[in-house]
Amino acid sequence: MSFDLRFTKGQGTGNDFVLFSDPEGDTELTPTQIAAVCDRRFGVGADGVIRAVRSRNLDDGAPALAADSDATWFMDYWNADGSVSEMCGNGIRVFTKYLLDQGLAELHPGDSIAIGTRAGVRTVTPNRAGFEADLGRWRLAGGEPLVRAKNLPVARPGIGIDVGNPHVVVALADDAELDGLDLAYQPMLEPVPEAGANIEFVVPADPLVEDGVGRIRMRVHERGSGETLSCGTGAVAAALAVRHWAGAGAPDEWRVQVPGGVLGVRMFAGDDGEHVALSGPAELVFDGVLSLA
Ligand SMILES: N[C@@H](CCC[C@H](N)C(=O)O)C(=O)O
C-alpha cells in the first residue's frame, strides 16, 4: 500500500531537511522510508527528516515533556539513514520557520517559541540572522577519544561534548589539513562511543579573536548522515571546545564558518548554569508531495 506525504524542503546553512506535519502523531515512517526520502538520487534528498507532531500526541517513549511546558509542538528528528537523533540545531530553526509558515504557530514581536525535542524543551527567538535557539546546558562528555580520518596522517585526540546530542571535536593544524580531509569516508573513533558521535574538525581563524568574537572554521561528519555542509549543534560543540582549549579570557561569542555559511554561538549564564545559544538563517525552499510505498 502506498500513501502521499505532503512535505516542505528547508535548509539552514546548507544543512537540509524534509519537513512534514503530523499533528495527531499517526504517520509512522520506518527507517527504510526515511532513508528513501533522504536519498539524493531516488528520493527528495536531505540530511534529515523532521516531523511536526503535537507534543501531547507523542506516545513513542520520548522523554516526557514537563507537564507545565508550553511546547505545543515537538520536533521529531531522523538522520538520513533513518536513525533517530535527540537534537538538531539547524533543524530547530528551520522547524520554527516551518511552523510559522504553515500557520501552526504565531510569533508576535519580542516573542519566543518553546519547542519539544528528545533533548528537552528548547526556546527559539527570531533575530537578525534568522533565529537564535537556546540549546540549554552543555557538558564535557569525558575522555579524549582518538580520531582517525582519511588524509589525516596521524590519529588526533578529540574532546567529547554533549549539547543534547553527542559530539567529538578535533583540532587540526591549519586550513590545508582541514581542506585535505576526505569525509566521504567515516572517521573512526577509539574507543567507539556507545551511541556514536558527530565528529567536528576545527581550525582557528587568524586572528582567533576579532572585536571580542572568537572565529573558527569547521567541517563535520554527522552521525547517521555523513559529511554535511553544516551542523548547528556541531558548531556549538566546536566553539565550546575551542574556548575550553583557549583557557581563561577566551570569548563567549563565536562565529563558526562551515562549508554552507556562518553560524553564531553565544554562551551565557542561565538560571540553572551556563547555556549555549546558536543563531543562523532558516529557509524554506519548496513544497511537494511524495508517494511512499
Ligand atoms: N545537523 C544537525 C544535527 C543532526 C543530528 C545528528 N546527526 C545526530 O545524530 O546527533 C544540527 O544542525 O545540529
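1. Asn 198 belongs to strand 14, which spans residues 198-210; strands here are DSSP runs of E, at least two residues long, and helices are runs of H or I of at least four residues, both numbered from the N terminus. The model is a predicted one, in which local features need pLDDT of at least 70 and side-chain atom pairs count only at pLDDT 80 or more, whereas totals for chains, interfaces and linings use all residues. Residues are numbered from 1 along each chain as its sequence is written.

2. Asn 198 counts as buried because it has 24 C-beta neighbours inside 10 Å. The criterion is 20 or more other C-beta atoms within 10 Å of the residue's own for buried, 12 or fewer for exposed, and partly exposed in between, with C-beta atoms placed from the backbone. Setting aside residues up to four places away in sequence, Asn 198 touches Asn 165, Pro 166, His 167, Val 220, Glu 222, Arg 223, Cys 231 and Gly 234. Contact requires C-beta atoms, placed from the backbone, to lie within 7 Å.

3. Gly 232 lies in helix 4. This glycine is buried, because 28 other C-beta atoms are found within 10 Å. With residues up to four places away in sequence again left out, its contacts are Gly 12, Asn 15, Cys 88, Gly 89, Asn 90, Leu 263, Leu 278 and Gly 280.

4. The UniProt record, an unreviewed entry, lists both Asn 198 and Gly 232 under "binding site", together with Asn 15, Asn 79, Gly 89, Asn 90, Asn 165, Glu 222, Arg 223 and Thr 233. UniProt positions follow the numbering used here, feature names are shortened, and such annotations may be inferred rather than shown by experiment.

5. The ligand is surrounded by 17 residues, of which the closest are Ser 85, Asn 90, Asn 165, Gly 232 and Thr 233; a residue qualifies if its C-beta atom, placed from the backbone, lies within 6 Å of the molecule. Helix 2 and helix 4 (232-246) are the elements that give two or more residues to this shell, and helix 2 supplies the largest share, 3 residues. By class, the shell has 2 nonpolar, 13 polar and 2 charged residues. Nonpolar here means Ala, Val, Leu, Ile, Met, Phe, Trp, Tyr, Cys and Pro; Asp, Glu, Lys and Arg are charged, and the others, Gly among them, are polar.

6. The ligand shell draws residues from both domain 1 (3-136 + 281-292) and domain 2 (139-275), so it lies between them. Domain bounds come from an automatic or database domain assignment. The centres of the two domains, taken over C-alpha atoms, are 24 Å apart.

7. Across the domain boundary, 23 residues of domain 1 are in contact with 21 residues of domain 2. On the domain 1 side, helix 2 (89-101) and strand 8 each supply at least two residues, and strand 8 gives the most, with 3 residues. That side comprises 7 nonpolar, 12 polar and 4 charged residues.

8. Strand 8 (residues 130-137) has 6 of its 8 residues buried. It pairs in the antiparallel sense with strand 7 (residues 120-127) over 5 bridges, where pairing requires at least two DSSP bridges between the strands. A hairpin through 2 residues joins strand 7 to strand 8, and Asn 127 stands opposite Gly 130. Strand 8 also runs antiparallel to strand 19 (residues 273-280), again with 5 bridges; in this pairing Asp 134 stands opposite Ala 277.

Notes:
Two residues are in contact if their C-beta atoms, placed from the backbone, lie within 7 Å.
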